[in-house]
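Take a look at the two chains below. Then follow the walk-through, one piece at a time.

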Amino acid sequence: MKYALLIYADERRYETMSEAEQGAVFGEYMGLVEELKAAGKYLGGEPLEAVATASTVRVQNGKTVVTDGPYAETREQLGGFFLVEAESLDDAIAMAARIPDARGGSIEVRPVMPLPAG
Amino acid sequence: MPGGTERGENVAARLERVVRDESGRILATLIGLLGGDFDRAEEALQEALAVALARWERDGVPANPRAWLISTARHKALDRLRRESNFERKRDELRAETPAASAPEQELERQTVVDDRLRLIFTCCHPALAPEAQVALALRTLCGLTTEEIARAFLVPLPTMAQRLVRAKAKIRAARIPYRVPEESELPERLEAVLRTIYLIFNEGYAATGGDRLVRTELCGEAIRLGRIVLALLPRRSEAIGLVALMLLHHARRRARVDAAGELVRLADQERALWETSALREGLALVEEALGAGRPPGPFALQAAIVGVHARAARAEETDWRAIAALYDLLWRAEPSPVVALNRAVARAEAFGAAVGLADLDALRASGALDRYHLLPAARAELLARVGRRAEALAELDAALALVSQETERRFLVRRRAELADGA
């Protein structure tokens, strides 16, 4: 079954890190991706640019309304995601726990809704 | 005749008894056989019960009613699947292959029932479910309480409780919470969650007021039963032993805790002859085992040890408060929470004098951690009264009364305040 692992963390966390520390986190991410790929569990994933670059789109009365943001007052922002294949929730939780930003941030584990074939 | 109907006991009564005692085990097995589908398992059991009523009336009660119900429910579930258009796909999801019609029922049951109950406990107490949902699900499936009984016990409207159960089961299905005993590496953390849920059930039953009293006593019994299942089916770990000991020791005192008028009786004032000796003896033996098995002992084992020291005193004055204070020191190290600090201060006051406890409570009050908790000013009031600072004691009782929400506790504080005001 597919799960989305949504990574929430303070997007300014890298500001206080040295270059070597940033490199270590990046390396840890790449290592995890490679390992999941080798196990056939990695279906995709991307890091996201900062919330400051985000735009929000709504259609109201047939008109497209675009606003800057979102500017929710939260400490953690959606900063990226993994899409993985897992046997069960426990399996997905075990993968989520290995994402570097699970330390300091949090990972939301969401089952992907199966769509009827065809 | 083993398992046969006793003369005089009709089939309906016998069936009711089987459901009462065995439905958790039956459901656990069915959920396992049906690939973790709670709803399908419950449905199949209901159908099997309807068949049992008619069949047992005609042919007599089978030698092993539980195995009979499991086997019948399983066939009912398969029938239902066959009727559904997607039978082929669903059949693949079934974990067990269909046994030959002549497969001995006992064998099927013997292989699956023990593991299944444990699997069901870990599924119901999965940390991905909200604690109140864990409790409701455990009571519904493992203990066989009706949704209505659970709603009454928790003072929640029936539709709310029904909704809670539906949501929990939907999450188990959609998020695929597995139906299995966790692997060795996850077991300590997951077992902790199970023990916490069992203790929540027990505490809900133990709370002094509110809800249906009969159902509440039943909750304590069910919690103890679940604790015993964990003890029986897993290697005996210190905290699991400690939890069962703690519950048994509390439960043994239940008849002495509330007087004829329904008022709370303090431990020091309890009629100790009302304590249940067999449960106390069992609890005390388990305390020894728990303390021996855990290095260092965890919070449940230590709490059980503390209640055990109280239980050993034939009269309140003979309580070994120094032992209790020492155990609270260990508990404080294992679990440095403000409530533990409060209880530790009270124990130290008994062991080393009111002034020592009062100093602890002053420090706790200065931390502000228990600002909204009525038992902090209530405890301070008792110690202030003992060192002769009566005016301050009365002020603290007023502060406690402003914070207390539970009715029996409020009445208790009012009584204490009147005693103290009169004792000038």
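This is a predicted model: local features need pLDDT of at least 70, side-chain atom pairs count only at pLDDT 80 or more; totals for chains, interfaces and linings use all residues.

Residues are numbered from 1 along each chain as its sequence is written, while chains are lettered from A and ligands numbered from 1 in the order in which they are written.

Start with the sheet of chain A. Four strands form an open sheet in the order E2-E5-E1-E6, with antiparallel pairing. Strands (E, at least two residues) and helices (H or I, at least four) are DSSP runs, numbered from the N terminus. Two strands pair if DSSP finds at least two bridges between them. Strand E2 (42-47) and strand E6 (106-111) of chain A are the edges, each pairing on one side only. From one strand to the next, the twist averages 20°. Axes here are lines fitted to C-alpha atoms, for helices over the stretch in contact, and angles run from 0 to 180 degrees between N-to-C directions.

Now look at E1(A). Strand E1 (residues 2-9) of chain A runs antiparallel to E6(A), and six bridges join the two. In this pairing Ile7(A) stands opposite Ile107(A). E1(A) also pairs with E5(A), again antiparallel, over eight bridges. There Leu6(A) faces Phe81(A) across the pairing. Which side chains of E1(A) point to the buried face? Tyr3(A), Leu5(A), Ile7(A) and Ala9(A) point to one face and are buried. The burial count uses C-beta atoms placed from the backbone: a residue is buried if 20 or more others lie within 10 Å of its own, exposed if 12 or fewer, and partly exposed in between.

Strand E3 (residues 55-60) and strand E4 (residues 63-68) of chain A pair in the antiparallel sense over six bridges. Gln60(A) stands opposite Lys63(A). E3(A) is hardly covered: of its six residues, the buried count is zero. Two residues lie between the strands of the hairpin, and Asn61(A) takes a positive phi near 50°. The peptide bond from Gly69(A) to Pro70(A) is cis, with omega near 25°.

Chain B is built from helices. It has 20 helices and zero strands. Of its 424 residues, 39% are buried. Arg25(B) sits in helix H1 (residues 11-33) of chain B. Why does Arg25(B) count as buried? Arg25(B) has 22 other C-beta atoms within 10 Å. The C-alpha atoms of Arg25(B) and Leu118(B) are 9.6 Å apart, although 93 residues separate them along the chain.

H6(B) has 12 residues and reaches 16 Å from its first C-alpha to its last, close to the 16 Å expected at 1.5 Å a residue. That expected span is 1.5 Å times one less than the number of residues. H6(B) is mostly covered, with 10 of its 12 residues buried. Among them are Ala133(B), Arg140(B) and Leu142(B). After H6(B) comes Gly144(B), whose phi is positive, near 70°.

H6(B) also meets another helix. The axes of helix H6 (residues 131-142) and helix H9 (residues 187-206) of chain B come within 10 Å and cross at roughly 75°. H6(B) is therefore roughly perpendicular to H9(B). Angles of 65 to 115 degrees count as roughly perpendicular, under 35 as roughly parallel, over 145 as roughly antiparallel and the rest as oblique. Pro131(B), Gln134(B), Val135(B), Ala138(B) and Leu139(B) of H6(B) meet Thr197(B), Leu200(B) and Ile201(B) of H9(B). These residues divide into six nonpolar, two polar and no charged. Ala, Val, Leu, Ile, Met, Phe, Trp, Tyr, Cys and Pro count as nonpolar, Asp, Glu, Lys and Arg as charged, and the others, Gly among them, as polar.

Last comes the contact between the chains. Six residues of chain B are in contact with five residues of chain A. The side of chain B that touches chain A has five nonpolar, no polar and one charged residues. Contact means C-beta atoms, placed from the backbone, within 7 Å.

Methods
Two residues are in contact if their C-beta atoms, placed from the backbone, lie within 7 Å.
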